[in-house]
Amino acid sequence: MSVPTPESVLAELETWATDHWNPTSTLRAWRNALADAGWAAPSWPAEWGGQGLPTWADDLVGTRLIELGMTSTPLGGGTGLAAPTILTHGPDHVRTRFLRRILTGEETWCQLFSEPGAGSDLAGLTTTAVRDGDEWVVNGQKVWNTSAHHADFGMLVARTDWDVPKHRGLTYFALPMHQPGVEVRPLRQMNYHQSFNEVFLSDARIPAEFVIGGVGEGWAVASTTLAYERRFGALSRPKYSPASSAVLDEARAEADDHFATYRWYPQRAGRPDLLKQRAMVTGENANPLVRQQLAEVHGMQAVSKWTAEGAKAARLLGRPPGAEGSIGKLATSHVARASLRAHTAIAGAYGMLRGPEDRTDGVVAEVLASVPAQSIAGGTDEIQKNILGERMLGLPREPSNDRDLPFRDTRRN
């Protein structure tokens with residue numbers, strides 16, 4: 001059997017796509033065709049809708065389909081987080097139930113991890129799941145949940161055992177969101193956006209077969225999800241063909257809806273792309289201190305880009321996301337803060353204004369309010385440093401007085 005190469009994979013893809021593309025069809029029908037042929041997730045095993053190709057084939061195929069004026073799998077947490085987690089941990093009946101529907105966009109997902117008293121210390125969560133016959137009954141509260149207001153399922157981590165140490169008493173579930181007992185409330189942020197929700201669970205029910213991994217294995221399963229969450233480029237918008245067709249019109253509408261949630265994320269990242277222009281317009285490009293700050297941002301961006309390329313190369317070699325994702329996460333935080341410092345040096349007091357007297361169109365004020373979130377979302381900077389110290393540098397684990405205690409006896413918020 002010949003070893004697949006990028007050239008051979010693309011040649012086979014293009015032949016298949018030319019024969020099967022129907023622009024007058026529906027987006028769902030096209031994605032079903034991709035899944036039937038194994039092109040929706042080509043690196044997956046054939047039994048789950050793939051072709052067993054190397055990991056590099058996923059990005060290669062997805063990119064080429066868009067270049068051909070077509071589209072690929074859905075955007076969002078279903079394909080990016082839930083699917084690889086389910087594929088990794090199973091069991092088979094869960095893979096059968098969910099993977100196909102994720103690839104076709106038939107079902108969408110959100111993430112239900114953080115709680116008001118368990119953010120960085122995720123293993124300290126107190127949302128409970130109690131077995132009741134053929135179901136689990138869930139009670140508790142989750143927070144910072146993107147897309148929870150319209151998702152069909154939630155990636156839920158809940159406590160199922162209080163008499164073992166906190167990391168060993170967790171279980172990972174697929175929670176049906178459209179049911180009594182699941183209340184979703186939007187959260188209004190200090191930058192005036194409304195991207196997240198809080199979710200209240202009151203006797204919500206989950207079929208017993210919707211456990212992902214196994215009972216008590218929730219921490220390992222959640223760690224897989226978090227590793228994929230820290231991948232680089234997760235929010236890249238597809239560059240669809242401008243041509244009008246039924247399939248592409250649906251795909252563009254889907255992308256518009258998906259990215260509306262993240263429209264403030266460029267401000268969260270510090271808007272380094274605006275620094276040079278702002279400095280030139282204001283004349284601050286002649287200020288040596290400002291020039292030094294711009295050079296700092298440029299250097300940090302370059303290092304961050306090289307780190308991202310290294311992580312991408314590791315993925316192309318078939319390695320799963322690992323601790324190197326924490327380097328990228330930290331680098332993004334550093335770039336955002338350095339960009340914020342440069343913006344404030346350029347704009348001065350005007351950077352605090354929003355309204356008619358603002359000389360920055362409100363961008364700097366929004367950067368000021370948004371950048372702190374960069375160091376929190378997806379795991380705080382402090383957590384990333386712990387991961388790097390322990391998993392990459394081999395340093396001793398952070399001291400803890402509750403690692404071996406039953407969670408019932410652990411002091412908590």
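Where is the place of Trp144? Trp144 sits in the loop between β3 (135-143) and β4 (153-159). Helices and strands here are DSSP runs, numbered from the N terminus (helices are H or I with at least four residues, strands are E with at least two).

A quick word on the model. This is a predicted model, where local features need pLDDT of at least 70 and side-chain atom pairs count only at pLDDT 80 or more, while totals for chains, interfaces and linings use all residues. Residues are numbered from 1 along each chain as its sequence is written, and side-chain values use heavy atoms, with hydrogens and water left out.

For the record, exposed means over 50% relative accessible area, buried means under 20%, and partly exposed is in between (1.4 Å probe, protein chains only).

Asp203 has a positive phi as well, near 55°, and it isn't a glycine either. Asp203 lies in strand β7 (residues 196-207). Then there's the peptide bond from Gly90 to Pro91, which is cis, with omega near 0°. You'll find Pro91 in the loop between α4 (77-89) and α5 (92-104).

**Two helices that cross**

Two packed helices are described by the angle between their axes and the distance between the axes. Helix α2 (residues 27-37) packs on helix α7 (residues 246-260) at an angle of about 95°, and the axes are 8 Å apart. Those axes are lines fitted to C-alpha atoms, for helices over the stretch in contact, and the angles run from 0 to 180 degrees between N-to-C directions. That makes α2 and α7 roughly perpendicular to each other; the cut-offs are 65 to 115 degrees for roughly perpendicular, under 35 for roughly parallel and over 145 for roughly antiparallel, with the rest oblique.

Which residues in α2 and α7 meet? From α2 come Leu27, Trp30 and Arg31, and from α7 come Val247, Glu250, Ala251 and Glu254. Contact means heavy atoms within 4.5 Å. The residues of this contact divide into four nonpolar, no polar and three charged. In that scheme Ala, Val, Leu, Ile, Met, Phe, Trp, Tyr, Cys and Pro count as nonpolar, Asp, Glu, Lys and Arg as charged, and the others, Gly among them, as polar.

**Salt bridges**

Side chains of opposite charge can pair when their charged atoms come close. The structure holds 19 salt bridges, each one a side-chain nitrogen of Lys or Arg within 4 Å of a carboxyl oxygen of Asp or Glu. Here are some of them:

| Pair | Distance (N to O) |
|---|---|
| Glu135 and Arg205 | 2.9 Å |
| Glu296 and Arg341 | 3.5 Å |
| Arg337 and Asp381 | 3.0 Å |

Glu135 lies in strand β3 and Arg205 in strand β7, so this pair ties together parts that are 70 residues apart in sequence. Glu135 is partly exposed at 28% relative accessible area, and Arg205 is partly exposed at 32%.

Glu296 belongs to helix α10 (residues 288-316) and Arg341 to helix α11 (residues 324-347), so the pair links parts 45 residues apart in sequence. Glu296 counts as partly exposed at 36%, and so does Arg341 at 40%.

Arg337 lies in helix α11 and Asp381 in helix α13 (residues 381-392), so these two tie together parts 44 residues apart in sequence. Arg337 is partly exposed at 26%, whereas Asp381 is buried at 5%.

Finally, Arg97, Arg101, Glu106 and Glu107 are linked in a network of salt bridges.
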